[in-house]
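This note sets out a colleague's reading of a single protein chain. Please consult it alongside the sequence and the coordinates.

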Amino acid sequence: MADVDATETADGDPGSDGDRSADREPERSENGVPAEGAVVRDRFSSDEIFQRIIAAAEEEIREGRRELFFSALAGGMAITITFLVYASLYASTGGDAILSAILYPIGFIYIILGGYQLYTENTLPPVALTLERLASIPALFRNWSVVALGNFTGGALGAVALAYTGVLSPEAADAAVAISQKGIDETFWNLFAKGAFAGLIVAGVVWVEYAARDTISRLIVIYLAFLCIPMGNLYHSVVSFTEMIYLFLHGDVGLAVGLGEFVLPVFLGNTVGGVVLVTVVNYYQTSEHRLGRIGGERRISRLTIPEWFFGRWVGRSYVPLLDTHESTDEPREGERIMVPVSNPRTEGGLVELAYTYAAQQDHASVHIVHVVQQPENMRMQSNARQRDRIIRESEGQLDRFRTQARKFDLEPELSTVVTHDAFEEIFHQAKQNGADLVVMGWDDDKPWDTVKRAHPIEELIGTLPCEFLVLKDRDLDISDVLLATAGGPDSDLSAEVAVALRDAAGATVSLLHVVDGRTTRADGEEFLREWGAKRGLDDAEIIVDDSGDIERVIEREAADRSLVLIGASERGMLARLASDSLHLDVVNTVDCSVLLAETPYRRSLLRRLFGRK
């Protein structure tokens, strides 16, 4: 007997596309979004439409500036076709309202079906992503700015071509001037209101477009919707910009007047119409399950409120693509240590350093995070097989750290995160998981070392979420430790590490202090003895140098040591490491491993700007 489709009508006919059997799983595309409706196969619910929009929005908002700009440039030039046929038909039909507008939607059809970027069509998907706090408001504005710039550049190039190449007949050229002049003659608020209605139409098209399952349906929706703009005497910002530039080239309007009194109100109206009248309304008609399974079975970690408003200036701009860590609200005893690794196969020394330190603390826990830089072909809603493969391979590599922990009588937490930006994700993980100390490596093969994208603004408004130890690993050996100190708070963290290494592994510890001139040598020796005694290092060797050349002395003394501990002598060590502006040559000149320590420190604006203590 042949298999029968599980879908049946109320009359019992098999194979209908109507109501769906409750036990049949609806089809989904590889990225997890619905490929068919869950209740009625050929219709999507509002939640399902939202999921499809979110999947597309994540690709748009993460697209590179160059790709985004040139896609928008192509969109702006396609709008020129709309202006061309509108003016030509206006001239040939004697200004007939219906016949002259019959081909007006052609440029928009090219843009939407061709996958080009258009500012007004671009309002809905990125805003939906931002409302979900999956992308920050600065990321949204960055996306809008690039698209608007590309659209206007393309429109301007198209206007130049129409004005100087003779493509328009004399009659069509006169009609183009007349059409453009109508907008200039409107009042600011009339243009704003008409732009808002046009924005409503365009953003509505996007919503309906993602509800359609075939190209013919999309084509009909796009055509009819954009036909409403000339028929309703409405205005679209990119078309209006093209018209204004054409009018400017003919010498009929000044550039400042055209931009301020024509393009600006239409642009603002389109934005308000698209965002408020459609995006927010469509967002709030969906349920709390609006994201569905686009992120797979994993928990989606939204941006914090500060991250949402300020983006990477205070944390991150996008959610990680994958985060396997299950956070808990249960109170924890003891110090919580986080170790971000990029290659578990080669970072056993870093993890052992963290284990050694943790074993000397009361009830300390260690959380090892495998931080994976986003693969080029992976998006936030990437297919489940790719996610499962990454998780499986990562867990296999991390297992060695569980075995390694047994000799320290520790049970580490292990997790994997795939992220757009490895450097800022480390800070986010530390904040989210309540880390007291981060122990991380710093080498040329680390994704957070190659990014080199720390912003100066981070120095002005950011503080470390916890203490940091940054290891420059050169075949790590903890048997003979040199601790250089000037007495700052970061050196206190270095002292704690030195004590732990001494007590756990029997490391020999030497303390180094550099003073200016022989007259201060005695004071330096007294300071170093007292400093070491207060921190449990009274048995350490005391080394005082009166040359005043800190880096040369460290390099000399490090020649016979296996590890150098240095407190962050200049504030903002991590941000300077990321931007290659940490002027501490000794990190690269010594042959042994170097461990840099930095503690959270609240600085005044002057101190952050000028590095004053």
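The points below move from the whole chain to individual elements.

1. Basis of the note. The model is predicted, with local features requiring pLDDT of at least 70 and side-chain atom pairs counted only at pLDDT 80 or more, while totals for chains, interfaces and linings use all residues. Residues are numbered from 1 along each chain as its sequence is written, and side-chain values use heavy atoms, with hydrogens and water left out.

2. Overall composition. The protein chain contains 22 helices and eleven strands; helices (H or I, at least four residues) and strands (E, at least two) are DSSP runs, numbered from the N terminus. Of its 613 residues, 53% count as buried, where buried means under 20% relative accessible area, exposed over 50%, and partly exposed in between (1.4 Å probe, protein chains only).

3. Contacts and surface. Taking contacts (heavy atoms within 4.5 Å) between residues at least 6 apart in sequence, 79% join residues at least 24 apart. The accessible surface of the chain is about 27,100 Å², and carbon and sulfur atoms account for 54% of that surface; areas come from the Shrake-Rupley method with a 1.4 Å probe, and for residues only the protein chains shown count as cover.

4. The sheet. Eleven strands make up an open sheet of mixed pairing, in the order β1-β4-β3-β2-β5-β6-β11-β10-β7-β8-β9. Its edge strands, β1 (322-323) and β9 (541-545), each pair on one side only. Two strands are taken to pair if DSSP finds at least two bridges between them.

5. Parallel pairs within the sheet. Strand β2 (residues 336-341) runs parallel to β3, with six bridges, and Ile 337 stands opposite Val 366 in β3. Strand β3 (residues 365-373) is largely enclosed by the rest of the structure, because seven of its nine residues are buried. Strands β5 (residues 437-441) and β6 (residues 467-472) are also parallel, joined by five bridges; here Val 438 faces Phe 468 of β6.

6. Two covered helices. In α14 (residues 422-432), nine of the eleven residues are buried, among them Glu 424, Glu 425, His 428 and Gln 429. Gly 434, which follows α14, has a positive phi near 65 degrees. Helix α4 (residues 124-131) is likewise mostly covered, with seven of eight residues buried, including Pro 125 and Pro 126. Just after α4, Arg 133 has a positive phi of about 60 degrees.

7. Thr 356. This residue belongs to helix α12 (residues 348-359). Thr 356 counts as buried because its relative accessibility is 3%. Leaving aside residues up to four places away in sequence, Thr 356 touches Phe 408, Ile 478, Ala 500, Leu 501 and Ala 504.

8. Cavities. The whole structure holds four cavities of 30 Å³ or more. A cavity is a set of points, on a 1 Å grid over the protein atoms alone, where a 1.4 Å probe fits but cannot get out, and lining residues have an atom within 4 Å of a point. Grid points are joined across faces, edges and corners, and a volume is the space filled by probe spheres set on the points.

9. The largest cavity. Its space amounts to about 170 Å³. Of its 13 lining residues, Tyr 86, Ile 179, Leu 234, Tyr 235 and Glu 243 lie nearest the centre. Two or more lining residues come from each of α6 (170-185), α8 (215-231) and α9 (237-249), and α9 gives the most, with three.

Definitions and conventions. 1 Å grid on protein atoms, 1.4 Å probe; cavity = no way out; pocket = protein on both sides within 12 Å on 5 of 7 lines; lining within 4 Å.
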